[in-house]
Amino acid sequence: MKEFSPDLYNEYLLRNRKPKLAFDEQADYEAWRQQVKEKLTELLGDMPEEKVPLNVRVEWEKEHDTFIEKRIIFDTEPFASVPCHLWVPKAAKKPCPAVICLQGHSTGMHISMGRAIYEEDKELISGGDRDFAPQIVKEGYAALVLEQRAFGERCSEKVNTSTTCVHPAMVSLLVGRTLLGGRVWDVSRAIDVLETLPEIDNDRIACMGNSGGGTATYYAACMDERIKIAMPSCAVCTFEQSIGIMRHCDCNYLPGMQKYFDMGEISCLIAPRKLVVVNGKEDNGFLLPGALEAFRVIQKVYEKAGCKDNCVQIIGQEGHRFYANPSWNVFREMSGWSV
């Protein structure tokens, strides 16, 4: 590291400054939890003052061998429309559970459906279990494949690098918002859409995703209690072992967050709901020691909340990818959802 690099002081803070709202087993849990909720709400940035009409449009419907697919577009705020695909298994008893699936930094949500458009998509699908929708339908659940802000069909037109989230993330900060907060809002509005569909059981809604999709999953579960079980993959880790010590995409950062808490602490906003944390042993972006440390905090939080059995960590033996096996076995057992 260069002698005068700003990284020196930043990493000193990451390693030595105790966050103001760090978990304290001796503190009043409910009072602390409320403080965390208020601060995270603030750090996610300004949200729309009111909900716009969803204006749900079904562009087309197609029957496949084992599921019905609908291409849906809905509105989340002015000038923000979300394309998505809903897969509903034919054999499932209706209404059935639904899992919102969020693809990470990639060419788009088509990867979640196992549909390669570009050459680089093929390896992501075949070598990383990123084809979430087929996995979900196989489990007997409906899959809502959501295109996240700044990815795929929602990519910024002002892109001059391979990372499509840079410009929208920076402009979000400029106007008092965060790109991550916008993604969380979109997930919440997607749940509003699911609640209008007779084939979906409103009491059995989950969210899952890998990498940037895992990050959005985790924060969305913190902010919306209608998510009954969350399964973030390759995202939950201490900042000191992930986004704080290496270059990550700009949409991972919330201004000032480490001043108040790390990722483990905010699990108090998910507890007592179910949480399945997936990490990769060789993930070079979210290092295993930090993933283990973050989960140790999560375990302490869940124990304090009186639901210590409601959180599980899965460690895959490879790198930055999803691990369908054993994740879905654990998900099935944790959720208890019969289909």
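How much space lies in the second largest pocket? The answer is about 460 Å³. The legends below take this pocket and other parts of the structure in turn. The model is predicted.

**View 1. The second largest pocket is lined by 19 residues.** Phe79, Ala80, Arg149, Pro168 and Leu179 lie nearest its centre. Strand S3 (80-89), helix H5 (166-174) and helix H6 (179-194) are the elements that give two or more residues to this lining. H5 gives the most, with four residues. By class, the lining of the second largest pocket divides into nine nonpolar, six polar and four charged residues.

**View 2. The largest pocket has a volume of about 530 Å³.** Its lining counts 19 residues. Closest to the centre are Leu14, Ile243, Gly244, Tyr253 and Gln258. Two or more lining residues come from each of helix H1 (7-16) and helix H8 (257-260). Which of the elements gives the most to this lining? H1 does, with five residues. The lining of the largest pocket has 11 nonpolar residues, five polar ones and three charged ones.

**View 3. The largest cavity holds about 50 Å³ of space.** The structure has two cavities of 30 Å³ or more. Thr215, Tyr219, Ala235, Cys237 and Phe239 are among the residues that line the largest cavity. Ser242, Ile243, Asn252, Met263 and Phe286 also belong to this lining. How many of the residues in this lining are charged? There are no charged residues; seven are nonpolar and three are polar. Ile243 is also one of the residues closest to the centre of the largest pocket.

**View 4. The second largest cavity holds about 40 Å³ of space.** Ala169, Met170, Leu173, Thr178 and Leu179 are among its lining residues. Leu180, Asp250, Cys251 and Tyr253 line this cavity too. H5 and H6 each supply at least two residues of the lining. H5 gives the most, with three residues. The classes here are seven nonpolar, one polar and one charged. Two names return from earlier views. Leu179 is one of the residues nearest the centre of the second largest pocket. Tyr253 is among those closest to the centre of the largest pocket.

**View 5. Nine strands form an open sheet with mixed pairing.** The order across the sheet is S1-S2-S3-S5-S4-S6-S7-S8-S9. Why is one side of S1 and of S9 left without a neighbour in the sheet? Strand S1 (57-63) and strand S9 (311-316) stand at the edges, and each has a single partner strand, so one side of each lacks a neighbour there. Neighbouring strands of this sheet are turned by 20° against each other on average, direction ignored. Strand S3, a member of this sheet, also gives two or more residues to the lining of the second largest pocket.

**View 6. Strands S7 and S8 run parallel.** In general, the strands of a sheet pair through backbone hydrogen bonds, either parallel or antiparallel. Here, three bridges join S7 (residues 229-233) to S8 (residues 274-280). Which residue of S8 does Ala230 stand opposite? Ala230 faces Leu275.

Conventions
Residues numbered from 1 in each chain as written. Predicted model: local features only at pLDDT ≥ 70, side-chain atom pairs only at ≥ 80, totals over all residues. Heavy atoms only, no water. Pairing = 2+ DSSP bridges. Axes fitted to C-alpha atoms, helices over the stretch in contact; angles between N-to-C directions. 1 Å grid on protein atoms, 1.4 Å probe; cavity = no way out; pocket = protein on both sides within 12 Å on 5 of 7 lines; lining within 4 Å. Points joined across faces, edges and corners; volume = space filled by probe spheres on them. Nonpolar A, V, L, I, M, F, W, Y, C, P; charged D, E, K, R; others polar.
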